[in-house]
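User: Please bring up the model, as I would like to go through its packing and one of its pockets.
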Amino acid sequence: EDVGVLFLLGDLFDFWFEYKTVVPKGFVRVLGKLAELALIEMLPELEPIELDSAASVLRKIGTPDALPALLLAYESASGDVKKSLKATIDEIKSRE
């Protein structure tokens with residue numbers, strides 16, 4: 001459910017930093033989920049240009065867990081950012 005702090009223990013990133021261009025098999029989803037969690041947390045504080053970029057990333061990696069934060073951001077957004085958020089929300093819903 002809700003987590004205040006997440007401690008990552010072990011060798012999650014050893015391979016990533018050692019080879020710099022390779023993500024270990026099976027770790028793409030882990031890294032994607034970590035990115036999604038970070039973006040969800042940051043959404044309320046982002047400037048419009050940053051919010052547009054975050055929406056673009058979440059359009060590709062976002063899961064239904066991101067929808068509540070995206071919907072809140074959508075309500076207060078305007079212009080192209082609002083369109084970008086709508087496209088992201090629709091894309092995530094289409095994968096459900």
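User: Does helix 4 pass helix 5 in a left-handed or a right-handed crossing?
Analyst: The crossing of helix 4 with helix 5 is left-handed (the near helix is turned anticlockwise from the far one by less than a right angle; clockwise would be right-handed). Helices here are DSSP runs of H or I with at least four residues, numbered from the N terminus. The model is predicted, so local features need pLDDT of at least 70 and side-chain atom pairs pLDDT 80 or more, while totals for chains, interfaces and linings use all residues. Residues are numbered from 1 along each chain as its sequence is written, and side-chain values use heavy atoms, without hydrogens or water.

User: At what angle do helix 4 and helix 5 pack?
Analyst: The angle is about 155°, and the axes lie 9 Å apart (lines fitted to C-alpha atoms over the stretch in contact, with angles from 0 to 180 degrees between N-to-C directions). Helix 4 is therefore roughly antiparallel to helix 5 (over 145 degrees; under 35 is roughly parallel, 65 to 115 roughly perpendicular, the rest oblique). On the helix 4 side, the contact (heavy atoms within 4.5 Å) includes Leu-67, Leu-70 and Tyr-74, and on the helix 5 side Leu-85, Ile-89 and Lys-93. Eight of the contact residues are nonpolar, one is polar and four are charged (Ala, Val, Leu, Ile, Met, Phe, Trp, Tyr, Cys and Pro are nonpolar; Asp, Glu, Lys and Arg charged; the others, including Gly, polar).

User: And how do helix 3 and helix 5 cross?
Analyst: Their axes come within 9 Å and cross at roughly 20°. Helix 3 is therefore roughly parallel to helix 5. Among the residues in contact are Leu-51, Ala-55 and Arg-59 of helix 3, with Val-81, Thr-88 and Glu-91 of helix 5. That contact comprises eight nonpolar, three polar and four charged residues.

User: What about helix 2 against helix 3?
Analyst: The axes of helix 2, residues 28–42, and helix 3 come within 10 Å and cross at roughly 145°. This crossing is left-handed. Helix 2 contributes Gly-32, Ala-35, Glu-36 and Leu-39 to the contact, and helix 3 contributes Ala-54, Val-57, Leu-58 and Ile-61.

User: Changing topic, which residues lie nearest the centre of the second largest pocket?
Analyst: They are Leu-43, Pro-44, Leu-51, Ala-73 and Ser-76, out of 13 lining residues. A pocket is an open set of points on a 1 Å grid over the protein atoms alone where a 1.4 Å probe fits, with protein on both sides within 12 Å along at least five of seven lines; lining residues have an atom within 4 Å of a point.

User: Which helix gives the most to that lining?
Analyst: Helix 4 does, with four residues.

Conventions
Helices (H or I, at least four residues) and strands (E, at least two) are DSSP runs, numbered from the N terminus.
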